[in-house]
Amino acid sequence: MGESANKINKGLVLKWLITVIVPIIIWMIPVTEAFTPQIKTFLVITVFSIFTIAFELMPTIVPSIFMPMLYLLFGVAPAATIYSSWADVMPWMFLGILTIANTFQRVGLVDRIAYWCITKIGGGFKGLAIAVLIAGILLSVVLPGGNAHAPLIFCVYGICLAMGWGKSKEATVLMMYVLLGTYTTIKFFLSPYLFLTAKLGAPYELGEMNFFTFLYHNWIFTIWLVLAAILIYKLIGPEGNMPSKDYFKEKYAEMGKMSSDEKKASVIALVLVALIMTTSIHGIPMGWCFVLMACVMYLPFIRVANEDDIKDVRYSIVFFVAACMTIGNVGTEVGVGQLIANAILPYMHGIGETTFMFLVLVLGGLGNFVLTPLAILATLTAPITQLAAELGIPHLPVWYTLMTSTNLIVLPYEYIAYLFTFSFGLMSMKDFIKVYSIKSICLIIFTLVVALPWWRFIGIL
């Protein structure tokens, strides 16, 4: 017992030493015209806060509160920028999502859907995991642009709760497969980011780009999809013990007929999915759809939600989301993205295609820590495209590579969809960092060793 406690204490001390020493090292870096006092202070505060979260040194809500406060107290950026995240839909979307999830769980709809799905899928845990992955891929075709994970996550969340998989290896695999199916697929289905990148990379153009052209260029990443699925499964190593289908049929039968509240919740769920699928028609952003339906649940003639459903929301996640957005907003304000670009771009002159693409991936991967994917594209597309032209490297595969770099995720806060999935509390930070660090390294290798030769073979590189 004493040895175990000693190991824990040593591990905790080491984590705190890293958390404190790394920001001190950053603070000792001399200020220059490019490395401004605001950037230095921003990095010190951000790195310290990220380490406290990554090492789970304190409750998530604590650094989520003190990080923006420190930005303000040390004059890193104006309050309007620091707290602008609360004027964005994202924190409110998570409040809506978590309220809806609590309500659906309380009335029994989550269990009913989960039992029904399991009885139809069968095939044990591996069969369930593959079904989740395939569902994610199909949904990403129906709901392009990053909306596919939202409806699927509720179903998977319900299955995990019904099986008693709280924060477990099984739940981790399924949640990661949701992200793998819905977000990795934009690398080989027509990505909305491509059109933004093309606009930012003017005067260079996409040419005759359509769904099939994009698929022809990037189908090679379907191989990566399979490899990544195997990698996740091996790294997490779920036991995957599941009762037979008969057990779930019995559990489903025990629930009997749907209650009045379940029926109301089902209507809410269907309307929510319909709203998400038709955002291009009605113009309501996906995030506000969750907030709207969470409020509708409390209307007098519906009253499917109660006070506990919103009171029991994990507000630490809501504050965490706002804090994550603050990192991107403040990082853009002080010019961190341009600093990263200026630090690496000079070394990209006179190099070969493969080295150039490697540096593009590294540049985008580093940018993920302090910028949103859109901010990375906005900051890097123009200078990288121009430099590629000077080196005689075609712009289209460069754009593909830059978009791929936004998928080099290590921590959940780096991308809102990953944070969304992590917020359900079914994955540990340790497992997340382990899997996505290794996955990011493997994606870099795959892009350089497999994707680049394919692009050369078809003549776009």
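These legends go with close-up views of a predicted model.

**Figure 1. A look into the largest nonpolar core.** This core has 157 residues, and Phe42, Tyr177, Phe356 and Trp455 touch the most other members. Which helix gives the most to the core? That's helix 24 (residues 429-457), with twelve residues.

**Figure 2. Phe356 and its contacts.** Here we zoom in on Phe356, one of the residues that touch the most other members of the core. Skip its neighbours within four places in sequence, and Phe356 is in contact with Met348, Ile351, Ile384, Leu387, Ala388, Leu391, Ile393 and Val398.

**Figure 3. Phe125 and Tyr233, an aromatic pair.** The count of aromatic pairs comes to 21. In this one, Phe125 and Tyr233 sit 6.1 Å apart, centre to centre. Their planes are 45 degrees apart, so the pair counts as tilted: under 30 degrees would be stacked, over 60 edge-to-face. Phe125 belongs to helix 7 (residues 124-142) and Tyr233 to helix 12 (residues 221-236), so the pair ties together parts that are 108 residues apart in sequence. Are these two residues buried or exposed? Both Phe125 and Tyr233 are buried.

Figure 4. Phe214, Phe221, Trp224, Tyr400, Phe446 and Trp455 make up one aromatic cluster. You've met Trp455 already, among the residues that touch the most other members of the largest nonpolar core.

Figure 5. Side chains of opposite charge can pair when their charged atoms come close. The whole structure holds three salt bridges. In this one, the closest N and O atoms of Arg106 and Asp309 are 2.9 Å apart. Arg106 lies in helix 5 (residues 89-107) and Asp309 in helix 17 (residues 307-311), 203 residues apart, and the pair links these distant parts of the chain. Arg106 is partly exposed, at 38% relative accessible area, while Asp309 is buried, at 3%.

Figure 6. The side chains of Asp308 and Lys311 meet at 3.3 Å, N to O. Because they are three residues apart in helix 17, about one helical turn separates them. Asp308 is partly exposed, with 37% relative accessibility.

**Figure 7. Arg456 and Glu353, a salt bridge between two helices.** The closest N and O atoms of Arg456 and Glu353 are 3.1 Å apart. Arg456 is in helix 24 and Glu353 in helix 20 (residues 353-367), 103 residues apart. Arg456 is partly exposed, at 33% relative accessibility, and Glu353 is partly exposed too, at 26%.

Terms used
Residues numbered from 1 in each chain as written. Predicted model: local features only at pLDDT ≥ 70, side-chain atom pairs only at ≥ 80, totals over all residues. Heavy atoms only, no water. Core = buried A, V, L, I, M, F, W, Y, C linked by side-chain atoms within 4.5 Å. Buried < 20%, exposed > 50% of the residue type's maximum accessible area, 1.4 Å probe, protein only. Helix = DSSP H or I, 4+ residues; strand = E, 2+ residues; numbered from the N terminus. Contact = heavy atoms within 4.5 Å. Phe/Tyr/Trp six-rings, centres within 6.5 Å; stacked < 30°, edge-to-face > 60°. Salt bridge = Lys/Arg side-chain N within 4 Å of Asp/Glu carboxyl O.
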